[in-house]
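Subject: Structure handover

Dear colleague,

I am passing on the structure we spoke about.

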Amino acid sequence: LYALGPRSNDVLVDGSPLRQRRRLRRIDKPLLLFHGRYDGVISLETNSERLYSALDRYNADAQFIEYVYTRHDIERRDYRTDMFTRIDMFLSQHIGD
């Protein structure tokens, strides 16, 4: 993050959807979240799980998929295949073929 500037972390934290509760309540488009359990870049517990939980409280159309044995890059071939299959189904369902 420092490559983006010394205050980049502040910008990212302030811009986090979790800090924008009013905006979360207004989300009316479907959302698909993926996260690797061993992500060393973005914390699963403090980001994806909390975001999904907040969206669920506001009855947003959100799906959360956690890949247990991978990191930020979701490098395992079986996980990537699953992820792209889910993305394809999600897009087909929400915007058509």
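Predicted model: local features only at pLDDT ≥ 70, side-chain atom pairs only at ≥ 80, totals over all residues.

Overall fold

The chain contains four helices and two strands. Their order along the sequence is α-α-β-α-β-α, so a helix stands at either end of the pattern under the DSSP assignment. The chain has 97 residues, and 25% of them count as buried. Among contacts with a separation of 6 or more, 59% are between residues 24 or more positions apart. The accessible surface is about 7300 Å², and carbon and sulfur atoms make up 50% of that area.

T70 sits in the loop that runs between β2 (62–67) and α4 (77–95). Is T70 buried or exposed? Its relative accessible area is 4%, and because the limit for buried is under 20%, T70 counts as buried. A polar atom of the T70 side chain lies 3.3 Å from the backbone nitrogen of E75.

Salt bridges

How many salt bridges does a search of the whole structure find? The search gives three.

- D28 and K29: this pair forms a salt bridge whose closest N and O atoms are 3.4 Å apart. Both D28 and K29 are exposed.
- R76 and D78: here the closest N and O atoms of the salt bridge are 2.7 Å apart. D78 has a relative accessible area of 42% and is partly exposed. R76, at 31% relative accessibility, is also partly exposed.
- D82 and R86: the closest N and O atoms of this salt bridge are 2.7 Å apart. The two residues both belong to helix α4 and are four residues apart, about one turn of the helix.

When you open the model, T70 in the loop between β2 and α4 is one place to start. The pair R86 and D82 in helix α4 is another.

Regards

Methods
Residues numbered from 1 in each chain as written. Heavy atoms only, no water. Buried < 20%, exposed > 50% of the residue type's maximum accessible area, 1.4 Å probe, protein only. Contact = heavy atoms within 4.5 Å. Areas by Shrake-Rupley, 256 points an atom, 1.4 Å probe, with all protein chains shown as cover. Polar contact = N/O pair within 3.5 Å; in protein donor to acceptor, adjacent residues only side chain to side chain. Salt bridge = Lys/Arg side-chain N within 4 Å of Asp/Glu carboxyl O.
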